[in-house]
Structure formats: C-alpha cells, structure tokens
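Visitor: I would like to learn how to read salt bridges in a model. Where do I start?

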Amino acid sequence: MKPIQMLLIFAAASAMLTQGCAASKHDVAKAQAGQVSVCTKCYDQIRKVRSTGGPRGGLATHRTITTHMCEECKDEVTIYEKDGVLMVRCATCAPEGVDCDRCVPKE
C-alpha cells in the first residue's frame, strides 16, 4: 500500500472516530436489563460516596452513609450500606432501595 493511501485511510478513520465521540456522552448510559435509571443529581451523590470509599465493612449490617434533599427529585435520598452492599433509596428514582452498582444516570 502506498503512503498516500495509508494517509487517506488514517484520515478517514480519524474523522469517523471524532464524529462518534462528539455525538455521544461517554458517562451517560441507557438502562439495560437489571439496571435502574436515577436522576443525575442522585447519581452524582452515588459517585461522590463511591469516591470516598463506599462501604467500610464491619459489624453493622445496615447503616446510613449520607442523606440529602435532591434538587431534581424534590425528595430525600438516602445512600446506605446493607449487608456490605452500597444501596440508594429515593422516593422518585428508587422507592424500594436499589444496589448502587445497578444505577445509571438518566439521559
């Protein structure tokens, strides 16, 4: 293959990749089977708790980690640990409580 052909193929591939990244948001995903869509404010709180270490383990089987009033849902959101699993409960997004690992942000 000639160098000019290689350059054209590389340029075309780069253009396609650039268009694909500009059109999509990498940190926003649609809920798949078994996943739960939560509002972006609730999801941000989940990410914040995860970045500080999440569940610590130990003797407690159910403990509240944080509670906040969600601006988007207009409801109280509680992030808690249950049997070593990080959970979230929001009257709007997850009324029964759901494993934080199953949460994805709404688009």
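Guide: Start with exposure. A residue is buried under 20% relative accessible area, exposed over 50%, and partly exposed in between. Take Arg50: its relative accessibility is 33%, so Arg50 counts as partly exposed. Keep in mind that this is a predicted model.

Visitor: How many salt bridges does a search of the whole structure find?

Guide: The search finds 3 salt bridges.

Visitor: Which residue forms a salt bridge with Arg50?

Guide: Asp101 does. The closest N and O atoms are 2.9 Å apart. Arg50 lies in helix α2, and Asp101 lies in the loop between β5 (94–99) and β6 (103–105), so the pair ties together parts 51 residues apart in sequence. Asp101 is exposed, at 60% relative accessibility.

Visitor: Which residue forms a salt bridge with Lys41?

Guide: Glu71. Here the closest N and O atoms are 3.6 Å apart. This pair also links distant parts of the chain: Lys41 is in helix α2 (residues 40–51), and Glu71 is in the loop between β2 (62–69) and β3 (76–82). They are 30 residues apart. Glu71 is exposed at 55%, while Lys41 is partly exposed at 35%.

Visitor: What about Arg63 and Glu81? Where do they sit?

Guide: Their side chains meet in a salt bridge, 3.1 Å from N to O. Arg63 is in strand β2 and Glu81 in strand β3, 18 residues apart.

Visitor: Is Glu81 buried or exposed?

Guide: Buried. Its relative accessibility is 2%, and the cut-off for buried is under 20%. Arg63 is partly exposed, at 28%.

Methods:
Residues numbered from 1 in each chain as written. Predicted model: local features only at pLDDT ≥ 70, side-chain atom pairs only at ≥ 80, totals over all residues. Heavy atoms only, no water. Salt bridge = Lys/Arg side-chain N within 4 Å of Asp/Glu carboxyl O. Helix = DSSP H or I, 4+ residues; strand = E, 2+ residues; numbered from the N terminus. Buried < 20%, exposed > 50% of the residue type's maximum accessible area, 1.4 Å probe, protein only.
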